[in-house]
Amino acid sequence: MGREDLVGTWHLVSSEFRHADGEVTYPIGKNAVGLLIYTAEGHMAVQLMRIDRPAFTSDDVFQGTPEEIKAAYEGFAAYFGTYTVDDVAGIVTHHVQGHIFPNRIGSQVTREFTLVDQCLTLRASVRRD
């Protein structure tokens, strides 16, 4: 399986963390929605969102209260950049050019991937010391 197999638009089915002790948590909610796009030219973009983010009281995006802005930010993840694929290892690496969290700009996001019956699964090992 290679890069050409990833090209397209992928809809989020689930986003979950599986902890070493077996606990499963849902950092952006159990019913999150999202899109992951890979182009043939090597560009990518991802957007993930909690569906239960509260609306702002104002219809003006610049008039949110600190609490509204915090809830909107914490319930949304997005970044874009380029990507490379290691076919042999089954690894896709996202080279981040823009991110909702500025500290991640210039970073790399590495994921193991599998594709079964048109269902793309990305996995990451995250270790917190």
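**Chat about a pocket and a sheet**

Me: How does the lining of the largest pocket split by class?
Reply: By class, there are 25 nonpolar, 11 polar and 7 charged residues in that lining. Here Ala, Val, Leu, Ile, Met, Phe, Trp, Tyr, Cys and Pro count as nonpolar, Asp, Glu, Lys and Arg as charged, and the others, Gly among them, as polar.

Me: Ok, and what kind of model is this?
Reply: It's a predicted model, where local features need pLDDT of at least 70 and side-chain atom pairs count only at pLDDT 80 or more, while totals for chains, interfaces and linings use all residues. Residues are numbered from 1 along each chain as its sequence is written, and side-chain values use heavy atoms, with hydrogens and water left out.

Me: What counts as a pocket here?
Reply: On a 1 Å grid over the protein atoms alone, where a 1.4 Å probe is used, a pocket is an open set of points with protein on both sides within 12 Å along at least five of seven lines. Lining residues have an atom within 4 Å of a point.

Me: What volume does the largest pocket have?
Reply: About 2,000 Å³. That volume is the space filled by probe spheres set on the grid points, which are joined across faces, edges and corners.

Me: Which residues lie nearest its centre?
Reply: Ser15, Glu16, Phe17, Leu48 and Arg111, out of 43 lining residues.

Me: And which strand gives the most to that lining?
Reply: Strand 9, residues 119–123, with 5 residues. Strands are DSSP runs (E, at least two residues) and helices are runs of H or I (at least four), numbered from the N terminus.

Me: Switching to the sheet: what's the strand order?
Reply: It's an open sheet of 7 strands in the order 1-4-5-6-7-8-9, with antiparallel pairing. Two strands pair if DSSP finds at least two bridges between them. Strand 1 (8–11) and strand 9 are the edge strands, each pairing on one side only.

Me: How many degrees does the twist average?
Reply: From one strand to the next, the average is 30 degrees. The axes are lines fitted to C-alpha atoms, and angles run from 0 to 180 degrees between N-to-C directions.

Me: How many bridges join strand 6 to strand 7?
Reply: 8, and the two run antiparallel. Tyr79 stands opposite His99 in strand 7. Strands 6 and 7 form a hairpin with 4 residues between them, and Gly90 in the turn has a positive phi of about 70 degrees.

Me: What about strands 8 and 9?
Reply: They run antiparallel too, joined by 5 bridges. Thr114 stands opposite Thr121 in strand 9.

Me: What is the bridge partner of Leu48 in strand 6?
Reply: Ala77. Leu48 is also among the residues nearest the centre of the largest pocket.

Me: New topic, His94: buried or exposed?
Reply: His94 counts as buried because its relative accessibility is 2%. Buried means under 20% relative accessible area, exposed over 50%, partly exposed in between (1.4 Å probe, protein chains only). His94 lies in strand 7.
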